[in-house]
Amino acid sequence: TMTSSDQPLFLASSEPLSGEHPTAEATANTFDQIAFKLHLRDVKFLRVTWCDTANVIRAKAAYVPRLEGVFKDGIALCVGNQLTNGSDLVPVDDTTFCMTYAMDINHDVIADICDSLTAQGLVLEQYHPESGNGQHEISIQYSDAMKAADQQIVFRETVKAVAHKHQMVACFLPKIFPNQAGSGTHLHLSLHNRNGTTNLVPSETENGKLSPLASHFMAGLLEHLPGLMAITTPTPNSYRRLQPCTWSGAYKAWGYENKECALRVPLNPQGPSPTHFELKTNDATANPYFALGAILAAGLDGVRRKLPLSPPLQIDPGQLSDAERFERKIQRLLTSLEESLGALSSDVVLLEALSPALSQAYLAVKQAECKALENMALDAEVKLLVNRY
């Protein structure tokens, strides 16, 4: 179900829950019928609703123009830019992950945001409330690196402007509330041939495995991650989010579907798989152009040097002892901006990618910011930065 601008539209299927799968023709007919009904009612999102083991009704919402893909592939969590609404540290709701009630409470502002983004040419894929109070996520269709960076700027500016119109404050700071989930800008990356016709991430010989090219690229990201963090997580507030056992990816490791690793490789229910990988060590305080450029430089360095990728980690490293992590060579990510700036200052590949003049200026500015925010309490930090991000 999805609430439209006037009243809910309820959709139900008369097909049994078990038995044979519907034919492609039947699926197409069902899609056409539903799409037509949605069009008549001016419905922009369709909720896919379920009830969890605690009898909490939850949902994710598919953007109607992209509905055909949902019918084909199903709906899945796609982490993108996260919207956290809050004014004077008071979130607009106190709901939890994917609660339909959060959708109802925030229907007007979310609908307005989606209309404004669509009017500017951004293609929306899905929306759902996230784990933190007042935290919401809207996924934007992937694009090439430059356009993706442009879209992030448009997205952030639009969300903040529309929230202001609704007498709310939208903030993309990594950590606003000490006991709530933080907000990252997770980057989903794929590798393609020059003309963009072939995805080079999956193995050509074994489904569910990475290609050598993707493995080398990811190895380059892990190799340069300490210095990269000064660019992708570039504020002291960033490091408040990067904590173990919070799905923020606080360890220098990778794994299939492992949300506790800095690099996660999602698997698809059908081949080819995997088609992309996710870098979780990134947030909205980063300049998206610098971040994506540095990521490309790090990954390509891994490809050129044919760096080997460590074995995948399939457990939560935060549940291991220090000795077990040492034995498995699992490192905790750097815990402060000061440390990551030190790593960047000695990373020749990243410094050259930035260029000598820009890298010198960047390090000087960030070191000054680090000193200015040193020992600042979270409340004071948020008050200072809430309108900047």
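F217 is buried, and F277 is buried as well, in what is a predicted model. A search of the whole structure finds four aromatic pairs, and F217 with F277 is one that can be described in detail: the ring centres lie 5.9 Å apart and the planes stand at 50 degrees, so the pair is tilted. This pair links distant parts of the chain, since F217 belongs to helix α6 and F277 to strand β13 (residues 277–279), 60 residues apart. W254 and Y256 form an edge-to-face aromatic pair, and both of these residues are buried.

| Pair | Centre to centre | Angle between planes | Arrangement |
|---|---|---|---|
| F217 and F277 | 5.9 Å | 50 degrees | tilted |
| W254 and Y256 | 5.1 Å | 70 degrees | edge-to-face |

Another ring, that of W247, has the charged end of K259 sitting over it, 4.1 Å from the ring centre.

Helix α12 (residues 356–372) has 17 residues and reaches 24 Å from its first C-alpha to its last, close to the 24 Å expected at 1.5 Å a residue. Its buried residues are S359, Y362, L363, K366 and C370; seen down the axis of α12, they fall within an arc of 95 degrees, so they line one face of the helix. The cover over these buried residues includes α6 (212–232), α8 (288–305), α10 (337–345) and α11 (348–354), whereas A357, Q360, K371 and A372, on the other side of α12, are exposed.

The protein chain as a whole contains 13 helices and 14 strands, and 48% of its 389 residues count as buried. Of the contacts in the chain with a separation of 6 or more, 69% are accounted for by residues 24 or more positions apart.

Notes:
Residues are numbered from 1 along each chain as its sequence is written. This is a predicted model: local features need pLDDT of at least 70, side-chain atom pairs count only at pLDDT 80 or more; totals for chains, interfaces and linings use all residues. Side-chain values use heavy atoms; hydrogens and water are left out. Helices (H or I, at least four residues) and strands (E, at least two) are DSSP runs, numbered from the N terminus. Buried means under 20% relative accessible area, exposed over 50%, partly exposed in between (1.4 Å probe, protein chains only). Contact means heavy atoms within 4.5 Å. The expected span of a helix is 1.5 Å times one less than its number of residues. The arc is that of the directions from the helix axis to the C-beta atoms. Rings of Phe, Tyr and Trp (its six-membered ring) pair if their centres lie within 6.5 Å; planes under 30 degrees apart count as stacked, over 60 as edge-to-face and the rest as tilted. A charge sits over a ring if NZ of Lys or CZ of Arg is within 6 Å of the ring centre and within 35 degrees of the ring normal.
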